Amino acid sequence: MQFLGNGERHAVNLTTKLHHLQQGDLSIGDYCRRLKVLANNLADVGEPVKVRSLVLTLIGGLNDKFENLKSLLPLQVPFPTFAEARA
């Protein structure tokens, strides 16, 4: 049972990191890579991140340089995939 508890704590820590990650001075490529690594790590502990949630997290953490995309990306129909949002 201790392993399960550690896994749950790890999932909580990863989720927190994912949702608080901001682009800041990172390039868009580095920012997206970090998001994807966190999402993959969550999937590895049994907590997969839905594509829509990952894209919304990406949008929310963009720096001011991408302010226009913060408004436009959520309006796309169909909603963009992570790869489309990154591009």
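The side chains of R33 and D30 form a salt bridge, 2.6 Å from N to O. The term requires a side-chain nitrogen of Lys or Arg within 4 Å of a carboxyl oxygen of Asp or Glu. Across the whole structure, the search finds 1 salt bridge. Side chains of opposite charge can pair when their charged atoms come close.

This is a predicted model: local features need pLDDT of at least 70, side-chain atom pairs count only at pLDDT 80 or more, and totals for chains, interfaces and linings use all residues. Residues are numbered from 1 along each chain as its sequence is written, and side-chain values use heavy atoms, with hydrogens and water left out.

Both R33 and D30 sit in helix α2, 3 residues apart, about one turn of the helix. An α-helix has 3.6 residues a turn, so residues three or four places apart point the same way. Helices here are DSSP runs (H or I, at least four residues; strands are E, at least two), numbered from the N terminus. R33 has 44% relative accessibility, so R33 counts as partly exposed. D30, at 33%, is also partly exposed. The cut-offs are under 20% relative accessible area for buried and over 50% for exposed, with partly exposed in between (1.4 Å probe, protein chains only).

Other residues of α2 are buried: G29, Y31, C32, L35, L38, A39 and L42. The helix has 17 residues and spans 24 Å from first C-alpha to last, close to the 24 Å expected at 1.5 Å a residue. That expected span is 1.5 Å times one less than the number of residues.

Now turn to the partner helix. The axes of α2 (residues 28-44) and α3 (residues 51-61) come within 11 Å and cross at roughly 145°. Axes are lines fitted to C-alpha atoms, for helices over the stretch in contact, with angles from 0 to 180 degrees between N-to-C directions. From α2, the contact uses Y31, C32, L35, K36 and A39; from α3, L54, T57, L58 and G61. Contact means heavy atoms within 4.5 Å.

L26 lies in the loop between α1 (2-20) and α2. Beyond its neighbours within four places in sequence, L26 contacts Y31 and R34. Just after α2, G46 has a positive phi of about 85°. L26 and G46 are 20 residues apart in sequence and 28 Å apart in space, C-alpha to C-alpha.

Finally, the whole chain. It has 5 helices and 0 strands. Of its 87 residues, 30% are buried.
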